[in-house]
Amino acid sequence: HMLSKIIVELTRGDGFSDEECQEATVSVKAKLKATIATEGSTTTITETSTENDAVSIAMGVVGEAKATTSKFAVIIAPQTVSIPAKSGDVDGTYDLITISIAGKTLIYQLKNNTEEEATKQFKSTEKYTYKLKVSMGGIKLRSETINDWDDKSGANNTDETSNPLIL
């Protein structure tokens, strides 16, 4: 695999029914433009999009939804997204994942609390799994795991941070 894969596992929290969790729709903000070059047996993919080219891509449902958990996935070109520097006391943010559930829109944001612009890379041959708990109060990141696409183990960040952005 030369692309990147993003997986979102939603777990139902307070305020949503099992059925609402199963009927949720999920999208990821990503850039679409890239070039593919081959030389001999080597293939490289290079992003050619700018931040302004990023669009919302609907994620497909993976397997059957369980009573309290639904799983979504999308394949994207390898890319780097920019997260703006914080402004005063306000962190810079990048709206990565949008979840529509029971008439509400919840957004999971990558955050930057530094004075400098930060980046998040989605690398070739890797999959990124975001385990999110959705409730009426917002989204809580339960864990973020980065693995080789075909590998079952990987780096794990289990920082349970709240993200209360609800539209």
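Colleague: Why does glutamate 115 count as exposed?

Modeller: The relative accessibility of glutamate 115 comes to 59%. Exposed means over 50% relative accessible area, buried means under 20%, and partly exposed is in between (1.4 Å probe, protein chains only). So 59% puts glutamate 115 among the exposed residues. Before you go on, this is a predicted model: local features need pLDDT of at least 70, side-chain atom pairs count only at pLDDT 80 or more, and totals for chains, interfaces and linings use all residues. Residues are numbered from 1 along each chain as its sequence is written, and side-chain values use heavy atoms, with hydrogens and water left out.

Colleague: What makes lysine 86 and glutamate 115 a salt bridge?

Modeller: The rule asks for a side-chain nitrogen of Lys or Arg within 4 Å of a carboxyl oxygen of Asp or Glu. Here the N to O distance is 3.9 Å, so the pair qualifies. Lysine 86 sits in the loop between E8 and E9, and glutamate 115 in the loop between E10 and strand E11 (118-122), so the bridge ties together parts 29 residues apart in sequence. Strands here (E, at least two residues) and helices (H or I, at least four) are DSSP runs, numbered from the N terminus. As for lysine 86, it is partly exposed, because its relative accessibility is 25%.

Colleague: How many salt bridges does that rule give?

Modeller: The count is 4. One of them joins glutamate 9 and lysine 71, whose closest N and O atoms are 3.9 Å apart. Glutamate 9 belongs to strand E1 and lysine 71 to strand E7, so parts 62 residues apart in sequence are tied together.

Colleague: Are glutamate 9 and lysine 71 buried or partly exposed?

Modeller: Glutamate 9 has a relative accessible area of 19%, so it is buried. Lysine 71 has 32%, so it is partly exposed.

Colleague: How do you know that lysine 120 and glutamate 144 form a salt bridge?

Modeller: Their closest N and O atoms are 2.6 Å apart, so the pair meets the distance rule. Lysine 120 is in strand E11 and glutamate 144 in strand E13, 24 residues apart. Both ends count as buried, because lysine 120 has 14% relative accessibility and glutamate 144 has 11%.

Colleague: Which ring does the charged end of lysine 120 sit over?

Modeller: That of phenylalanine 122, with 5.6 Å to the ring centre. A charge sits over a ring if NZ of Lys or CZ of Arg is within 6 Å of the ring centre and within 35 degrees of the ring normal. Likewise, lysine 29 lies over the face of tyrosine 94, 4.8 Å from the ring centre.

Colleague: How many aromatic pairs are there?

Modeller: The structure holds 2. Tyrosine 108 and tyrosine 130 make a pair with 5.8 Å between centres and 50° between planes. Rings of Phe, Tyr and Trp (its six-membered ring) pair if their centres lie within 6.5 Å; planes under 30 degrees apart are stacked, over 60 edge-to-face, and the rest tilted. So this pair is tilted. It links strand E10 (residues 104-112), which holds tyrosine 108, with strand E12 (residues 126-135), which holds tyrosine 130.

Colleague: Which residues touch the most other members of the largest nonpolar core?

Modeller: Ile6, Leu10, Ile97, Ile99, Tyr130 and Leu132, in a core of 32 residues. E9 gives the most to this core, with 5 residues. Such a core is a set of buried Ala, Val, Leu, Ile, Met, Phe, Trp, Tyr and Cys residues joined through side-chain atoms within 4.5 Å.

Colleague: Where does pLDDT stay under 50?

Modeller: Over residues 153-167. pLDDT is the predictor's confidence in each residue, from 0 to 100. Where pLDDT is low, the predicted coordinates should not be read in detail. Across the protein chain the mean is 83, and 85% of the residues reach 70 or more.

Methods: Contact = heavy atoms within 4.5 Å.
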